[in-house]
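Hello,

Here is the structure I promised to pass on to you. Please open it next to this email, and then read on for what was found in it.

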Amino acid sequence: LGTFGRELAMVNATDAATELIDQTILKPAIRAVDAQFKDQPTVDASLRHTLAEVHQLLGKIDDALSLQRRALEIRRQSLGDDHPETITSMNNLGSILEASGNAAEAEPLYREALERRRRLLGEDHEDTLSTMGNLGNLLRAGGKAAEAEPLLKGSMEGLRRVKGPESRDTLIAMNTYGYLLVD
């Protein structure tokens, strides 16, 4: 009992739960997508996109990267570069790359997503403002404060107009802009 108790005390419950979810739900889901949706590319991409988001939330970045890369590839081929779902995959792949420490690969994706969202949705659409903030924060973290400043300020001001001064997104944008000013 003493040995069992010591061994059990060394188990990280969060990691164990994450691994259980991965093995019993996520990996079978990926196998099912691979097997069942070859002839339905938009469904395939949508499921991979969602699975990538779940993997990212669980901290399984490598798995999230491969799923989101494939979702973006499928969406580019089947929907085109200017489709909102394709642009969302660009933005989200940028986010996963940023989380993995690969800012150099994330930056062009954020820039492309921002340019397309500005052109298709307008400057004050919340998706455009979100990508603007993502790119600004990436640039800020990379020491490019002068380039980040108009993006972060624009994102903050736009979210204040679009979502209101008390929305969670606006408050996060204000906080991020504040970090830039402190830097």
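First, a term you will need: a residue is called buried when its relative accessible area is under 20%, exposed when over 50%, and partly exposed in between (1.4 Å probe, protein chains only). This is a predicted model, so local features need pLDDT of at least 70 and side-chain atom pairs count only at pLDDT 80 or more, while totals for chains, interfaces and linings use all residues. Residues are numbered from 1 along each chain as its sequence is written, and side-chain values use heavy atoms, with hydrogens and water left out.

Let's start with one residue. T176 is buried, because its relative accessible area is 15%. T176 belongs to helix 9, which covers residues 168-182; helices here are DSSP runs of H or I with at least four residues, and strands are runs of E with at least two, numbered from the N terminus. Which residues does T176 touch, leaving aside its neighbours within four places in sequence? The contacts (heavy atoms within 4.5 Å) are with N137, R140 and L152.

Now the whole chain. There are 9 helices and 0 strands, so the pattern along the sequence reads α-α-α-α-α-α-α-α-α. The C-alpha trace spans about 60 × 50 × 30 Å along its principal axes. Of the 183 residues in the chain, 35% are buried. Among contacts with a separation of 6 or more, 50% join residues 24 or more positions apart.

Enjoy exploring the model!

Best wishes
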